[in-house]
Amino acid sequence: MNAYLLLIMAIAAEVIATTALKASAGFSRLGPSLLVVAGYGTAFWLLGLVMNTVPVGIAYAIWSGAGIVLVTLLAVLFYRQIPDLPALIGMGLIIAGVAVIQLWSKIGAH
């Protein structure tokens, strides 16, 4: 399977797990707690598979950067946590950093 498709799946699993983490209320609610454990387990397993072909720095930059942005979007929808301007600027810088690494860094050559 394509490594970048696996990476997208790893990101989705991590985003689901992180979003469920708040809903687990400190692991006091069973359903969300199980989702957290399953989501993180799946995310790290898939990320490990991705790193067989994609350099660790590239894989992790994309995984963490996309996770930050997607978790923030879901926090807006589910928890009404609206990011302020500095948060938006910071996320924009993260996206720009991942783009720079992916587009121009020689570390991404594989």
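The model is predicted: local features need pLDDT of at least 70, side-chain atom pairs count only at pLDDT 80 or more, and totals for chains, interfaces and linings use all residues. Residues are numbered from 1 along each chain as its sequence is written, and side-chain values use heavy atoms, with hydrogens and water left out.

The chain holds four helices and zero strands. Helices (H or I, at least four residues) and strands (E, at least two) are DSSP runs, numbered from the N terminus. The order of elements from the N terminus is α-α-α-α. Along the principal axes, the C-alpha atoms fill a box of roughly 45 × 35 × 20 Å. Of the 110 residues, 31% count as buried. Buried means under 20% relative accessible area, exposed over 50%, and partly exposed in between (1.4 Å probe, protein chains only). Contacts are defined by heavy atoms within 4.5 Å. Among contacts between residues at least 6 apart in sequence, 64% join residues at least 24 apart.

Helix H1 (residues 3-23) packs against helix H3 (residues 56-79) at an angle of about 40°, with the axes 9 Å apart. Axes are lines fitted to C-alpha atoms, for helices over the stretch in contact, and angles run from 0 to 180 degrees between N-to-C directions. H1 and H3 are therefore oblique to each other. Angles under 35 degrees count as roughly parallel, over 145 as roughly antiparallel, 65 to 115 as roughly perpendicular and the rest as oblique. The crossing of H1 and H3 is right-handed. A crossing is left-handed if the near helix is turned anticlockwise from the far one by less than a right angle, and right-handed if clockwise. Contributors from H1 include Tyr 4, Leu 7, Ile 11, Val 15 and Thr 19; those from H3 include Trp 63, Leu 70, Val 71, Leu 74 and Phe 78. By class, this contact of H1 with H3 has 16 nonpolar, three polar and two charged residues. Ala, Val, Leu, Ile, Met, Phe, Trp, Tyr, Cys and Pro count as nonpolar, Asp, Glu, Lys and Arg as charged, and the others, Gly among them, as polar.

Thr 19 lies in H1. Its relative accessible area is 11%, so Thr 19 is buried. Leaving out residues up to four places away in sequence, Thr 19 touches Val 71, Leu 74, Phe 78 and Tyr 79.

H3 also meets helix H4 (residues 85-104); their axes come within 10 Å and cross at roughly 155°. H3 and H4 are therefore roughly antiparallel. Their crossing is left-handed. On the H3 side, Ile 58, Ala 61, Ile 62, Gly 65, Ile 68, Val 69 and Thr 72 meet Met 91, Ile 94, Ile 95, Val 98, Ile 101 and Gln 102 of H4. This contact of H3 with H4 comprises 10 nonpolar, three polar and no charged residues.

The loop between H3 and H4 contains Arg 80 and Gln 81. Arg 80 has a positive phi of about 55° although it is not a glycine. With a relative accessible area of 65%, Arg 80 is exposed. Gln 81 is partly exposed, at 40%. Beyond neighbours within four places in sequence, Gln 81 contacts Lys 22, Ala 75 and Val 76. Phe 27, in the loop between H1 and helix H2 (30-50), is likewise not a glycine and has a positive phi of about 65°.
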